[in-house]
Amino acid sequence: VIDVHDWQGKTGDSWAAEWRRTDRSFAVLTTELLRRALAAPFRQALDIGGGAGELALELAQRQPQAEVVGVDLSESLSRIARERAAELPQGQGSLSFAAADATSWQPAAGFAPDLLLSRHGVMFFADPVAAFTHFHDLAAVGARLVFSCFRLPAESPFFTDVNALLPQSAIAGDADTAAYVPGPFAFAEEERITVILQSAGWTNISMEAFDFSMVSGAGPDPVEDAIGYYSTIGPAARAMAGLDSSQRAELRARLRVYAQAKLQEGQVSGRAGAWIVQAIKA
Ligand SMILES: C[S@@+](CC[C@H](N)C(=O)[O-])C[C@H]1O[C@@H](n2cnc3c(N)ncnc32)[C@H](O)[C@@H]1O
């Protein structure tokens, strides 16, 4: 289980330290999400579990007259998002970031988003139906919901390959990868997503399977870069916290061999299988 406490604590801090590499790893998916989000105009947008803010920043820049709010549990990630916003060439406009639980967050009066967007930020809710009911309540009539999430682990070799390199005691088992507990794979099952969204009042639900190449290493030393990334984000990072120094060195050596094998045209990457989900508030 990866939940509220993880994101408010160490996991959120790791993502904050690694925002450049996480944005890079999701780049192909980001393009697709933004293409769908920007397919129709919007006045007010909410980025749910927006982390270090890339989607909200992009929306604000591409539709500068819109009001854009990012909500994320992690103080560290929200601070990074605000710093990035402050660096925008045209200033921050009406872009803001709240460090809060999106499932109970109440916007300022007058904010009723007609676009609700999330890149992998909706799989960690203890009560997903209550969460999506809350988003439905906040949304304007006609609002569009667009989000991505992982399909089953077996469809994401970038995850299963690294998981298989871990010592037996640290391999993420069913409890961590099950398609119903809060965590990266909580929204893996098509039917479950449909039931959750329908129960929460959303209509016109569509789901597309989208495979993308998740980049974990690039730059002058892509292999070392990938090892640094694996060591702070994902299954190897979680496992390392429980290993002694010699086990950790052994794991790093295995990750190096794996990253070298995955190196192609200056990048270390692995395939990830996502859903791109869309729905409407009728
Ligand atoms: C996998 S990360 C994705 C972050 C960001 N969307 C991105 O693509 O870089 C999941 C994010 O969801 C946030 N999150 C999880 N549960 C949340 C909740 N109940 N309310 C707000 N944010 C939440 C976490 O803090 C984390 O930043």
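1. Leaving aside neighbours within four places in sequence, which residues is S76 in contact with? They are G12, D13 and A16, where contact means heavy atoms within 4.5 Å. S76 belongs to helix α6 (residues 75-86); helices here are DSSP runs of H or I with at least four residues, numbered from the N terminus. S76 is buried, at a relative accessible area of 12%, the term meaning under 20% with a 1.4 Å probe and protein chains only.

2. On the basis of the model: it is predicted, so local features need pLDDT of at least 70 and side-chain atom pairs count only at pLDDT 80 or more, whereas totals for chains, interfaces and linings use all residues. Residues are numbered from 1 along each chain as its sequence is written, and side-chain values use heavy atoms, with hydrogens and water left out.

3. The side chain of D72 places an N or O atom 2.6 Å from a ligand oxygen. Taken alone, the ligand exposes 590 Å², of which the protein buries 96%; these areas come from the Shrake-Rupley method with a 1.4 Å probe.

4. Helix α11 (residues 222-230) is mostly covered, with seven of its nine residues buried. Among them are P222, V223, Y229 and Y230.

Notes: Buried < 20%, exposed > 50% of the residue type's maximum accessible area, 1.4 Å probe, protein only. Helix = DSSP H or I, 4+ residues; strand = E, 2+ residues; numbered from the N terminus. Polar contact = N/O pair within 3.5 Å; in protein donor to acceptor, adjacent residues only side chain to side chain.
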